[in-house]
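Me: I am new to this structure and would like to learn how to read its features one at a time. Please give the general idea and then the case here.

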Amino acid sequence: MKDRVFRFFVGLTCCLPAAVAISQQKTVVKAVPTSAKAESLSNLPHGGSGIVEGSSTLGGARFSLGNSPSALNLESVCHAAEEELIRRGLKLDDSSDRSLGSSRQRHQQLASLASDSDTDSAVIGEKRSDVEQFAVDQIHANCFQDTRFPSAAQCQKCHEDHYREWSVSPHSYAQLSPVFNAMSSKLIKMTNGTLGDFCIRCHTPVGMAQGQPIVKSNLDRLPAEREGVTCVVCHRINQNWGKVSGRQALVGGGLEEPIYGSIGNEILEMVLQDPKKYGLLKSPEDKAEKRIPVHTEAKRFFAITTPAMCGSCHDVFAPNGFRLEDAFSEFKSSPAAREKNQNCQDCHMGQVPGVASGYAMAPAAKAGNVFTAPRKRTNHMMIGPDYSIIHPGIFPHNPLAVKEQNAAEDDISSGLATLREWLEFDHEAGWGTPEFENELNSSVEFPVAWTDQARRYRARDILGEQFKLLGEASRQRHQLLSTGYLLGEICFDGCDRRGLHFKIKVSNGTDGHGVPTGFDAERLVYLRTTVIDANGKLVFISGDLDPNGDVRDSHSFYVHNGKLPLDRQLFTLQTRFLTRNIRGGEREQVLNIPYSLDPLPYVRPATRPFTVLGRPIGARKHKKNIEVGGSRWADYTITPGQLTGNGPYRVNVQLIAAMVPVNLIHEISSVGFDYGMSARMVADAVVKGHSVVHSRQSVFKVDE
């Protein structure tokens, strides 16, 4: 059996999905044969772990972590380990003392042993001292603690309410999304790797700051990496970067390093100056004292309360002139910004989602068992149109649910199960519920991780809390969408020889940006309209879904293949990507990469100033969203051949919002999806999340 601790340093390379293999220096793309049908595509294997480059601590000593054993200062680490063992009252044997006495020779020998992947672990165990074993184990553990950029779970200890809100937010889901990761990988593949980290640097800023691989399974990412837009992504920014499409630097450091916020150090100083009230707080000088970790300083950062903080990621402008998202630009020219002097946070971090309703006054932290003084309290759920389609044991983020891969089996402070173990828990079958467990028979087989019935009950208790939080987020999302989209009443336009005519108006309910905004080319917002006669017969429908889950537009594969008719009266607000052809002209595509006869398309800066042309050269968007203060009419005609003569006719109109269209899932499926999900599973979950935002009914009595 190989020694896993040493193999962590020497034998470990990053295992990437088979479809796209990427390193920081060179990109290699490997195509995967695939079927034309989305539902038959198979998922790809998961990635592997990587070594963190950064700094970590052990017993007060600091050391660097590199990509090879030679980069590890084992001598200083072992001395630090010796001090730590002495502090813990553990006895050192003679071999440990002797090895420390001739440390350099011993460490060189260890490095040599570590590079031998065929060496049996038992042999290595005989040659390694207690101090050295402890040192290596601590290095392994500290890598996962990721102390340069602390995990949100570390912030939760004092900021419970903030963490709870954030844990179910679109920000915390940004990197976990299997749709995003597959789309990023697909675009990288289509551009021969030249896209680089353009997409992912907004979705896992910590991962990119750590130099982690662009394509890698979330199951193998460190906590702060897979947390997406986690606490440090906003509160470790110390300068206003402007519209940089996520290209901004984070301030590294452990939990005790300064953080950046809206009000500065006032409340933190009160806590630090009153240790009797708030408990004994951590001081870097005395490593042995019992303490609570806390920031040493809270610095006021003016930009964190301005729209510019949001604009650094929510205005995406590619180097070739293509504008993918322009939510920030829309806002800057809106009445909310120009006339009301509002900012993004007023509507998206206030008391009511989508409405500038003011902020709550509440404590920002709980130090020890005492809450700090009330202050302006922002809501960190910042809900949006996205929703989770992954296992509820993995999202929302929950330290009680997830146990990291490096955690000991008997570590009661860690979560219940690893990410991979949660994927094996069949919550839809009822595992852990009294109904299922009481009727359980011996023929049912469970994965090894879930053979213990008590553990299944515990998992179900955790999932109960997860579903409760997901339900809260769903209600907040509906509130946001119902504020942003307004649906008028159905207007009867008469009946003539061409048929029955009616219309309905859809309006923008906000004064801050268009709807939809942001990634509007993949935001599906549409009307589903039905007309039923007095006998209950369906005489007309628009906005229905094909068997894949797509509306019947030009991107539906069933329409494209002639199996279903095009929905010519479909009302949709989805923006379209238009790409330029090699000989001129444009074509509409699901993805924004131009179709090219060149086998190696790549993203590059424009050779001509696109500002003069008034458009990007390679691709652009045909925006179909509703501008601020604007509206669109949906006009419908029921032909005489559709009318049955059995009036009156009941008309029902629903405004439905979806996260992404299913045709996007098909388009990106060739690179596979994370968590072992197939394209069919992803598509079904996306359709399941469609939300009816508004609904209107009317009855038409006509003479036929």
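Me: How many bridges join strand β18 to β20?
Reply: Two strands pair if DSSP finds at least two bridges between them. Strands (E, at least two residues) and helices (H or I, at least four) are DSSP runs, numbered from the N terminus. Here four bridges join β18 (residues 576-580) to β20, and the two run antiparallel. Thr-579, for instance, has Ala-619 in β20 as its bridge partner. This is a predicted model, in which local features need pLDDT of at least 70 and side-chain atom pairs count only at pLDDT 80 or more, while totals for chains, interfaces and linings use all residues. Residues are numbered from 1 along each chain as its sequence is written, and side-chain values use heavy atoms, with hydrogens and water left out.

Me: In what order do the strands of that open sheet lie?
Reply: The order is β19-β18-β20, with antiparallel pairing. β19 (586-589) and β20 (619-622) are the edge strands, each pairing on one side only. From one strand to the next, the twist averages 35°; axes are lines fitted to C-alpha atoms, for helices over the stretch in contact, and angles run from 0 to 180 degrees between N-to-C directions.

Me: Which strands form the open sheet of four?
Reply: That sheet has the order β17-β16-β22-β23 and antiparallel pairing. Its edges are β17 (538-542) and β23 (691-700). Neighbouring strands in this sheet are turned by 15° against each other on average, direction ignored. Strand β16 (residues 524-532) pairs with β17 over four bridges, and Thr-530 has Ile-541 in β17 as its bridge partner.

Me: Which helix lies across β22 and β23?
Reply: Helix α23 (residues 453-484) lies across β22 (649-658) and β23, at about 55° to β23.

Me: How is a nonpolar core read, and which residues touch the most other members of the largest one?
Reply: A nonpolar core is a set of buried Ala, Val, Leu, Ile, Met, Phe, Trp, Tyr and Cys residues joined through side-chain atoms within 4.5 Å. Buried means under 20% relative accessible area, exposed over 50%, and partly exposed in between (1.4 Å probe, protein chains only). In the largest core, of 67 residues, Ile-389, Ile-390, Trp-422, Trp-450 and Ile-665 touch the most other members. Helices that each supply at least two residues of this core include α10 (178-190), α26 (662-668) and α27 (679-688). A second, separate core has 29 residues, among them Val-539 and Tyr-636.

Me: How should I read a pair of aromatic rings?
Reply: Such a pair is described by the distance of the centres and the angle of the planes. Rings of Phe, Tyr and Trp (its six-membered ring) pair if their centres lie within 6.5 Å; planes under 30 degrees apart count as stacked, over 60 as edge-to-face and the rest as tilted. The whole structure holds 14 aromatic pairs. Tyr-163 and Trp-166 form a tilted one, 5.5 Å centre to centre with 50° between the planes. They are separated by about one helical turn because they are three residues apart in helix α8 (residues 160-167). Tyr-163 is buried, at 7% relative accessible area, and Trp-166 is buried at 5%.

Me: Where do Trp-422 and Trp-450 lie?
Reply: These two also form a tilted pair, 5.5 Å centre to centre with 50° between the planes. Trp-422 lies in helix α21 and Trp-450 in the loop between α22 (434-438) and α23, so the pair ties together parts that are 28 residues apart in sequence. Both Trp-422 and Trp-450 are buried.

How values were computed: Contact means heavy atoms within 4.5 Å.
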